[in-house]
Amino acid sequence: MPQQKNHSYDVIVVGSGASGGWVCKRLAEAGLKVARWRLAPQSDKNFTEHKPSSNSSTATARLKSSRKTRPIQVKFGVCNEYTFNWFVNDLEEPYTTPAGQAL
């Protein structure tokens with residue numbers, strides 16, 4: 001978004017992902033003056049779940065690590081070689097299940 005000086009807004013939405021886009025749409029439809037800022041490109045390095053690895057050996061190592069250290073969470077498909085750093089280590093933070101109940 002181009003920098004504009006001396007403008008006032010009712011709402012500023014930071015982030016232009018799916019949720020941010022809908023928030024902007026709904027607020028604008030309600031008559032509010034909305035500014036929408038995309039996060040700086042350098043912040044994209046923190047959001048890697050949608051980016052394929054350029055180095056297949058690195059991706060393979062991350063996949064092995066996620067399976068080894070997050071064996072429960074990997075079963076559900078969300079914890080993978082791209083997102084495993086978002087999840088606690090299952091070995092360090094073990095799950096407990098009441099007797100007679102399966103996980």
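Trainee: What share of the protein chain counts as buried?
Mentor: Of its 103 residues, 17% count as buried, where buried means under 20% relative accessible area, exposed means over 50%, and partly exposed lies in between (1.4 Å probe, protein chains only).

Trainee: Okay, and what kind of model is this?
Mentor: This is a predicted model, where local features need pLDDT of at least 70, side-chain atom pairs count only at pLDDT 80 or more, and totals for chains, interfaces and linings use all residues. Residues are numbered from 1 along each chain as its sequence is written, and side-chain values use heavy atoms, leaving out hydrogens and water.

Trainee: How many helices and strands are there?
Mentor: The protein chain has 2 helices and 2 strands, taken as DSSP runs numbered from the N terminus (helices: H or I, at least four residues; strands: E, at least two).

Trainee: In which order do the elements run?
Mentor: From the N terminus on, the order is β-α-β-α.

Trainee: New topic! How many salt bridges does the structure hold?
Mentor: It holds 1 salt bridge, meaning a side-chain nitrogen of Lys or Arg within 4 Å of a carboxyl oxygen of Asp or Glu. The side chains of Lys 25 and Glu 29 form it, at 2.5 Å from N to O.

Trainee: Where do those two sit in helix H1?
Mentor: Helix H1 covers residues 18–29, and Lys 25 and Glu 29 are 4 residues apart in it, so about one helical turn separates them.

Trainee: Is Glu 29 buried or exposed?
Mentor: Glu 29 counts as exposed, at 54% relative accessibility, while Lys 25 is partly exposed, with a relative accessible area of 36%.
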